[in-house]
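Work through the exercises below with the sequence and the 3D view open. Try each task before reading its solution.

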Amino acid sequence: MSALPLVALVGNPNAGKSALFNALTGARQKLGNYPGVTVERKAGRLSLPDGRPVELVDLPGTYSLDPTSPDEQVTRDVVLGRQEGERRPDALIVVVDASNLDNHLRFALELIALGLPTVVALNMVDLATRDGLELDANVLARELGVPVVSTVAVRKRGLDHLRQALEGQMNGAPAPYITGPVRDFDAVRTDARRIARAAIVRETPSRRLTAAVDRVLLHPVAGFLILLALLFVMFQAVFSWASAPADLLEGWVTALGEAVTATLPPGILHDFLLQGVVGGVGAVIVFLPQILILFFFILMLEATGYMARAAFIMDGLMARVGLSGRAFIPLLSSFACAVPGIMATRTISDPKDRLTTILIAPLMTCSARLPVYGLIISAFIPARDVGPGIGLQGLVMFLLYVFGIVGALIAAWALRLTVTKGQSSGFLMEMPKYQWPRPQDLLIGLWQRAVIFLKRAGTIILFTNIVLWALMSFPKAPDGVRQSEYSIAGRIAGGIHLLVAPIGFNRDISLALLPSMAAREVAVSAIATVYAIDAEDDVEALDKGLGERLQGRWSLATALAFLAWFVFAPQCISTIAVTRRETAGWKWTGFMIGYLFTLAYVAAGITYWTAVALGLG
Amino acid sequence: MRLTDLPLRQPAYVDWIDWAALTPSEGQRLREFGLCEGASVEALHHGGFLGKGPIACKVGRMTIAMRRAHATAITVRTGPEMAETEKAA
C-alpha cells in the first residue's frame, strides 16, 4: 500500500470533505492513527480513470496552514510533508464550499501556492443554488490556475470529472514545493474576494432557511428545551428500539450455547466454550443494537449541523464552569465512547480547556456502560410507565446520564478553580448550514463503529473472559463450597471485597471489578460467567436469565450502589491509555484515576447507605 | 456601535476591530472567519439565559458564533453610505 501515490483531501471545516471522501472511496476505508498523536487517520483507495490506484487520505478540516489546535497541526504537517509516519502527498484535492467561496478560497490559494499538483472541488453547488448563487467554474479555474470541478458529493455528481482532473494533474512531473516568501494574510484574502466575485454569475438574496430554523433552535429557552428533549428521545430510543434486535441476538447466543452442549461431551472444553466464550462474549454482543442506536443519533447530530448549535446553546452553561461550548462536542461524543471523545478534544486550542475536558470526559456515560446499566435496570427496575410514553426504566437510564453530566460539570468547575486554573478561553465557532445527511454516509459511520465494537468483543473482551474463566474454574471446589468463591479469582475477589464491602458490594461485584477495568462491559460477562460456573449442572438455574438470577442474589441497595459506582469509575484501560497519550504523561492520568475512583467510591457509598436507611437493603 | 448592541437582523459593516482586546489566536480565528474592517456583518441570534450566552452572526455568507467579549471588541456601522463604500471597494 505504501507504494501507492498519496493524495490528500484538504479544506475548510464544513466544506463537505468527509462526504466527498466517502463518495470517492466507498466503504473500503482504513481508520488508523498518526504515530504519536491521536488524530484519526482516515484513508481509502481511489482509482484514476486509467486504472491506477491512489491512496486518498482525509485530513482534519482547518481554516489556514497556521494551526491553532492539535488536529489542524496534523493537516499542516501532512500537507507540508513533515508529518511523522506519513509520506509526502503527491497531489491535493482542495475542497471548497461553493456557497462560501470568498472565505474558502483564501485557504485554497494558500494551498495552491505550495505548488503541488492540485485540483479544486467546488463542492455543494446544489446548496449554493438553493442559496441563490450561480458560479462559473471555468472563471474560477482560470483565476486559480488549477482545474476546478463542480461536485455534489452527497449525490456523487462530478466525481468522474474530479478523477479525470486529478489524473491530468498527476501525469505531470513531480512538483517540488514552492518555498517562496509567505504572502500577507490580508493580501491573500483580497485576492480570494476578487476571484470569488469574478466567479459569481448571479446572486440573489438567499432563502435563509438556516437562519429561520436557527431562530427556534438557538432560542435561549426553546432551543435549550429542544436540546434536552432530543437527548431524552435519544436515551429512550436506546432502550425501546433496541429490545427487538437485542432479543434476536440473545436468541442466537442461546442457540449457539445449546449447540455447544449438544455437540460436545461434558468436560473442560465444553465448559470453556459454554461458560468462558459463548456466555461471556455473548452477554456483551447482545448490546450491539443499543450501541449502534446511540452512535446513529450522534452521527445524525453531527451530519445535520446540529452539533454546533448544541455547542452554542451549551456555551452559557459551560462558561459558568470555566469551559466553552466547544467542549460540549467531545463530551457528547464521549456518550458513545470516551476514547474518540478524548481524541476529539484536539479541536480545542486552549491547553487548560482541553485538559479539563479530557479529565471530565470519562464521566460522560459511554456506551460500554450500557450493558451494565441495561442488565441492572432490567433486573431491578420494574418495566412500567410513569407517564405517557415515559417508561420507568428509560427514566432511570436518563437519570444515570444526568448524574454523569452534573458530576462532570461540578468536577470541571472545581478543576478550573484549582488545578487547571487559568483565564477562561473564548468560544469562536462556525455554524454550518443545515443539511440532510446522506444515508450511505451514516451507514458507513455505523458500520465502522460496529466493526470496532465487534473487534473489541472478539479480542480484549474475549481474552479477558478466557483468563477470568480459567481463574474462576480452578482449583475445583469440593462439594458444598461455591466454585466462584473457592477458585483463584474468588480468593482475589475476597481481598477486594474487604475494601468494597462498606459500600454494599457483594463478592460477585468484587470479582467483576478487576476484569471490568479491561472493558466495562466485562462486568456483565464476568457476572454471567460466575453464575454459569456456579450453576454447573443445575439445569433449572441455567434456564433463568441473568437478570432473574441477580434478583435472587443482590439487594436493591447493592444494585443501586453498583450503578452509582459505574457512573464515576475511571475504567477502562483504553481510556486511561488515551489520556496518558493526550496529556503526555502519567501526572494528569494518575490524577484522573485518583479523583474518579474517589468519586465512585463515595457516590456508591452514599447511594448504598441512603438506600439501606430507606429500607431497601 | 459595538456588535453587542447591534439590533438583530440589521445589516451592518465592521468599522474597526480592537485586535488588542483579543488573544492572538482569537484574532487569527476571527480573521480566518472573514472578519475584518469593511466586512458585512449581521447579528442573528443572542443565546443563553439572561443574555449571557454567545452571539451568532452572519459574516459574508458564513454564520459564526462568538462570545459577547469578542463582540464587544468589534465596532460596527449601519447605514447606506457604508454600503456604497463597500460596493465601490
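**Exercise 1. How many helices and how many strands does chain A have?**

Step 1: Know the model. This is a predicted model, in which local features need pLDDT of at least 70, side-chain atom pairs count only at pLDDT 80 or more, and totals for chains, interfaces and linings use all residues. Residues are numbered from 1 along each chain as its sequence is written, chains are lettered from A and ligands numbered from 1 in the order in which they are written, and side-chain values use heavy atoms, with hydrogens and water left out.

Step 2: Helices (H or I, at least four residues) and strands (E, at least two) are DSSP runs, numbered from the N terminus.

Step 3: Count. Chain A has 28 helices and 12 strands.

**Exercise 2. Describe the overall build of chain A.**

Step 1: Take the radius of gyration (over C-alpha atoms; the globule rule is 2.2 Å times the number of residues to the power 0.38). A compact globule of 617 residues would have a value near 25 Å, and chain A has 27 Å, which agrees.

Step 2: The C-alpha trace spans about 85 × 55 × 50 Å along its principal axes.

Step 3: Look at burial. Buried means under 20% relative accessible area, exposed over 50%, and partly exposed in between (1.4 Å probe, protein chains only). In chain A, 57% of the 617 residues count as buried.

Step 4: Check the contacts (heavy atoms within 4.5 Å). Of those in chain A with a separation of 6 or more, 74% link residues 24 or more positions apart.

**Exercise 3. What pattern does chain B follow along the sequence?**

Step 1: Count the elements. Chain B holds 3 helices and 5 strands.

Step 2: Read them in order. The pattern is β-α-β-β-β-α-β-α.

Step 3: Of its 89 residues, 55% count as buried. Residues 24 or more positions apart make up 62% of the chain B contacts with a separation of 6 or more.

**Exercise 4. Why is helix α16 of chain A described as largely enclosed?**

Step 1: Count the buried residues. Helix α16 of chain A covers residues 351–360; 8 of its 10 residues are buried, so the rest of the structure largely encloses it.

Step 2: Name some. Among the buried residues are A:Leu355, A:Ile358 and A:Leu359. A:Asp353 and A:Arg354 are also on the list.

Step 3: Find the cover. It includes α2 (70–79), α14 (328–333), α27 (573–582) and α28 (586–613) of chain A. Another covering element is α18.

Step 4: Look at the N-terminal end. A:Asp350 caps it, with a side-chain oxygen 3.2 Å from the backbone nitrogen of A:Lys352.

**Exercise 5. Where is A:Arg416, and is it buried or exposed?**

Step 1: Locate it. A:Arg416 sits in helix α18 (residues 392–417) of chain A.

Step 2: Judge burial. A:Arg416 has 7% relative accessibility, so it counts as buried.

Step 3: Find a partner. A polar atom of the A:Arg416 side chain lies 2.9 Å from the backbone oxygen of A:Thr420.

**Exercise 6. Which residues does B:Ile55 contact, beyond its neighbours within four places in sequence?**

Step 1: B:Ile55 is in strand β3 (residues 55–59) of chain B. At 0% relative accessibility, B:Ile55 counts as buried.

Step 2: List contacts. They include A:Phe312 of chain A, and B:His45, B:Ile64 and B:Met66 of chain B.

Key
A polar contact is a pair of N or O atoms within 3.5 Å; within protein, one must be able to donate a hydrogen and the other to accept it, and residues adjacent in sequence count only if both atoms are side-chain atoms.
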